[in-house]
Amino acid sequence: GGGVAPPVVCAAGSDGSLSCFSAALDAAAPPSDAAAGPALRLTPAWSDGGGGGGALLSVDASPDGLQLASCGEGGLLSLHDAEGGERLDIPTEESCLFSAEWCSPNEVLTAGACVSLWDKRDLRRPTSRLLPSFGTPMSCSPQLQAASRHPQHPHRVAAGASSGALYGWDLRLGGGRASDLGAHGGDVW
């Protein structure tokens, strides 16, 4: 328990734990480098021992700072109360989720075998599911490692893949066929 005053720093662990710290500049502490300015002081606020089965790979704060979304190797999307860490686990069809990103106060994007858009007001299933290749089963898709919505055009979604590709979708088109850009020779995060 214990409240968390913004700004907040959160850390996802390979043991499945999530820790949250209050962060403040400490002008009284001598910096290790005079040019660096005041030191950052982290005060532990709360920690969650995990429970998703495996490493947490991503944590993100909601735009209002009141909730955190985390995900990882267990394939669970977890929503946490930023004040005290109370957690709600949402099972997905994924064996691993590489990223979770809040794109509005009510919506979270996750990336795994597909990109899923979740609305926290109805978490029974994602409101959208985007596959890199239309008609290809999730088990045959490249691993999507990061996803993001465009800040000014929220109908546009992009994701980076283990294949080196960068995919893009337009949610107005029902998320059908993805644009595929061969961006890199290795993983795209």
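In what order do the 4 strands of the open sheet stand? The order is E8-E9-E10-E11, with antiparallel pairing. Strands here are DSSP runs (E, at least two residues), numbered from the N terminus, and two strands pair if DSSP finds at least two bridges between them. The edge strands are E8 and E11 (128–130), each of which pairs on one side only. Neighbouring strands of this sheet are turned by 20° against each other on average, direction ignored; the angles are taken between N-to-C directions, from 0 to 180 degrees, of lines fitted to C-alpha atoms.

The model is predicted, with local features requiring pLDDT of at least 70 and side-chain atom pairs pLDDT 80 or more, while totals for chains, interfaces and linings use all residues. Residues are numbered from 1 along each chain as its sequence is written, and side-chain values use heavy atoms, without hydrogens and water.

The pairings of E9 with E8 (residues 99–102) and with E10 (residues 115–119) are both antiparallel.

| Pair | Bridges |
|---|---|
| E8 and E9 | 4 bridges |
| E9 and E10 | 5 bridges |

Both pairs are also hairpins: 4 residues join E8 to E9, and 3 residues lie between E9 and E10. Within the pairings, Thr110 in E9 stands opposite Ala100, and Glu107 has Asp119 in E10 as its bridge partner.
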